[in-house]
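Please open the model in your viewer and keep the selection panel at hand. The tour goes from one selection to the next and says what is found at each stop.

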Amino acid sequence: TYVEAHGTATRLGDPVEVSALTRAFRAGTADTGFCAIGSVKSNVGHLDAAAGVAGVIKTVLMMKHRTLVPTVNHRTPNPAIDFAAGPFTVSTKTGPWTADGPLRAGVSSFGIGGTNAHAVLEEAPPPQVTGDSRPHQVLTVSARTATALRAAADDLAEYLDGEAAAPLADVAYTLA
């Protein structure tokens, strides 16, 4: 339901990329406008060798938050791309990312020096709810200096006080 494209923002590059993606999608459906498409480059610029991994990171974060983010500064589509007849619609607004089943996304991004990323990502299954395995938990915290230990303990306490904290038994297991 989402493709993180390379998004060259050039007259030639984007139509070639969207055409290839459309051919791949057409092998399974003739539906139109059902898949959002975007590119991290419009938000942060081209990141050279890190372009591929930046697209992966952006997509994973969108999955985590189940939110599609806009393609910044997109106002007019390239006239060589017929979005109305294809499977894609440019993500132009922040909005919920929903799907029948787990979220899935394609990432196609090219960096300099062969750092290309071509992947299909699927959101992780929801974590299993666990109960405490014993009445008390040992929270292992270590650091090289007393100052670093205090900072690590404070960070852990802040996390445990937060709304999104994992169950204490899971935190203890991970720390161990």
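Start with the second largest pocket, and select β6, which gives the most to the lining of this pocket, with five residues. This is a predicted model, in which local features need pLDDT of at least 70 and side-chain atom pairs count only at pLDDT 80 or more, while totals for chains, interfaces and linings use all residues. Residues are numbered from 1 along each chain as its sequence is written, and side-chain values use heavy atoms, with hydrogens and water left out.

About 240 Å³ of space lies in the second largest pocket (a pocket being, on a 1 Å grid over the protein atoms alone, an open set of points where a 1.4 Å probe fits, with protein on both sides within 12 Å along at least five of seven lines, and lining residues having an atom within 4 Å of a point). Now select V3, L21, F25, G106 and V120, which of the 15 lining residues are the closest to the centre of this pocket. Ten nonpolar, four polar and one charged residue make up the lining of the second largest pocket.

Two or more residues each come from α1 (13-26), β2 (35-38) and α2 (41-44), and the largest share, three residues, comes from α1. By class, the lining of the largest pocket has nine nonpolar, 13 polar and five charged residues.

Finish with helix α4 (residues 146-161) and helix α5 (residues 168-175), which pack at an angle of about 150° with their axes 12 Å apart. That makes α4 roughly antiparallel to α5 (angles over 145 degrees count as such). To see the contact (heavy atoms within 4.5 Å), select L156, Y159 and L160 in α4, which meet L168, V171 and L175 in α5. The residues of this contact divide into six nonpolar, no polar and no charged.

Methods:
Axes fitted to C-alpha atoms, helices over the stretch in contact; angles between N-to-C directions. Helix = DSSP H or I, 4+ residues; strand = E, 2+ residues; numbered from the N terminus. Parallel < 35°, antiparallel > 145°, perpendicular 65-115°, else oblique. Nonpolar A, V, L, I, M, F, W, Y, C, P; charged D, E, K, R; others polar. Points joined across faces, edges and corners; volume = space filled by probe spheres on them.
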